[in-house]
Amino acid sequence: MSEDPLALARAVVRRARSNEDLEAFALHSTDTRIAVHGGELDSLSSAGSRGVGVRVIDQGRLGYAYTAEVTEAGLDDVVEQARANAVLSTPDEANLLPGSSPAPDVGGLVDGSFDEVSVEEKLELALELEATALAHEDVRTCGMVRYADSITRAAIASTNGVEREVERTDAWAFAQAIATREGSSQTGMGLTLGGGPRSLDVVAAGTEAAGRAARLLGARKPASGPTTVVFDPYVAAQFLGVLAGALGADAVLKGRSMFADRIGDAVGAPIVTLVDDGLREGAPGTSPWDGEGVPQQRTELIAGGTLQTFLHDTWTAARTGGGIASTGNASRSGYASLPSLAPTNLYLEPGGASGESVIRGVAEGVYVQDVMGLHSGANPISGQFSVSFSGLMIRDGEFAEPIAEAAVSSTIPDILRGIEAVGSDLRFYPFGGSLGGSTLRIREMSVSGG
């Protein structure tokens with residue numbers, strides 16, 4: 001069989017019967033992972049993956065199967081397995097394959113120097129990241145130091161005339177520094193990401209990890225009560241991850257969203273514009289098309305505080321009806337899985353003030369640097385939000401003493417309505433999807449400490 005993913009997808013589609021809709025998603029990827037500890041290599045892996053996933057829809061019945069055996073016999077078998085699985089499924093008129101429409105031309109997805117960087121050079125990047133973090137006087141060790149990269153070629157073809165292919169490269173490096181002083185120990189994270197190894201700034205990431213850990217040393221419980229709260233960009237991104245769970249049309253259809261029946265309502269402060277942009281230059285979730293071959297787009301979910309729409313894939317759009325179309329938010333975690341609804345690059349539209357300026361606007365408040373228990377303490381159905389955190393007090397617009405062993409709570413609607421400033425320091429985090437965070441100031445939340 002051809003090494004070309006699109007040729008492979010086409011070969012599967014040619015096996016379709018006249019009475020069925022068939023889609024093939026082919027993926028070729030190579031991933032490198034490096035871990036270091038104590039100035040030495042801890043682990044290294046480089047692995048390739050190649051395979052195809054097949055969706056068959058026959059009279060509303062959907063079947064899915066996948067294979068890594070990309071031979072003629074293997075493709076025959078996977079198509080027959082998908083057909084057999086369709087027979088066992090429940091008919092659903094919303095089980096549809098999207099039609100073909102022009103996809104945008106998205107450049108900058110491949111780093112031209114990606115193949116020029118040796119494994120030895122990648123190891124040196126990881127070692128430099130660790131060494132930078134350890135250079136801080138309070139950092140004695142690092143909990144984790146990781147380098148990773150991938151090159152991915154994906155293609156999709158269907159009996160509805162969809163034929164698409166894309167290639168992209170990605171790299172990131174991450175450090176968790178552990179700072180210690182007088183019996184107190186704290187951790188801090190530093191991250192750098194880009195299209196390839198040479199676009200990474202490991203010195204900045206190592207410095208960030210050490211600084212975030214060291215500034216929390218000596219943390220004490222804060223006083224309890226209502227106060228202004230500032231979210232660190234990473235925490236703001238995590239908050240949007242919770243919000244995304246309530247803004248997916250699948251959650252709405254299942255009655256599991258606080259925003260059901262709220263289209264057109266004011267759900268946030270006037271400065272709140274929440275964007276999902278699958279075409280944003282340089283962001284981790286950018287691609288010309290989604291996991292079903294639907295062109296990706298820029299979607300304003302909340303504009304000026306008003307709820308505009310939800311995230312849709314082909315199934316939720318068909319199930320919702322009323323002329324709703326997919327927003328290009330079908331996501332694939334690989335060829336072995338069906339597409340599922342997910343954001344692409346989700347972020348709040350940045351304001352004009354820097355992160356430092358957002359903090360300077362606080363007479364007294366709390367800076368939330370890290371949160372714990374987010375999945376159990378933040379509920380996209382009820383809207384309740386209560387999580388443990390560590391961070392710093394803010395006084396007269398400046399960081400003051402570090403704080404920990406505390407909780408911050410409110411409701412998601414009240415947080416959205418209470419947003420006073422969104423910093424210009426937008427950055428994306430490739431954890432749990434592509435989520436963008438800026439320094440975020442919320443008028444009032446409840447802090448529980450000592």
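**Around Thr316**

Leaving aside residues up to four places away in sequence, Thr316 touches Ala249, Asp250, Leu253, Leu311 and Leu341, where contact means heavy atoms within 4.5 Å. Before I go on, a word on the source: this is a predicted model, in which local features need pLDDT of at least 70 and side-chain atom pairs count only at pLDDT 80 or more, while totals for chains, interfaces and linings use all residues. Residues are numbered from 1 along each chain as its sequence is written, and side-chain values use heavy atoms, with hydrogens and water left out.

Thr316 itself lies in helix α7, residues 314-320; helices here are DSSP runs of H or I with at least four residues, strands are runs of E with at least two, and both are numbered from the N terminus. With a relative accessible area of 1%, Thr316 is buried, given that buried means under 20%, exposed over 50%, and partly exposed in between, with a 1.4 Å probe and protein chains only. Thr316 and Gly352, which are 36 residues apart in sequence, are also 36 Å apart in space, C-alpha to C-alpha.

Let me turn to helix α1. Why can we call helix α1 largely enclosed by the rest of the structure? Because seven of the nine residues of this helix, which covers residues 5-13, are buried. Those buried residues are Pro5, Leu6, Leu8, Ala9, Ala11, Val12 and Val13, and they pack against β1 (21-37), β2 (40-58), α2 (72-87), β4 (139-158) and β5 (163-181).

Strand β2 also holds Leu41, which is partly exposed, with a relative accessible area of 43%.

Finally, the whole chain. The secondary structure of the protein chain comes to 10 helices and 20 strands, and buried residues make up 53% of its 450 residues. Among contacts between residues at least 6 apart in sequence, 70% join residues at least 24 apart. The C-alpha atoms fill a box of roughly 70 × 55 × 35 Å, taken along the principal axes. The accessible surface of the protein chain is about 18,800 Å², with 48% of that belonging to carbon and sulfur atoms.

Methods: Areas by Shrake-Rupley, 256 points an atom, 1.4 Å probe, with all protein chains shown as cover.
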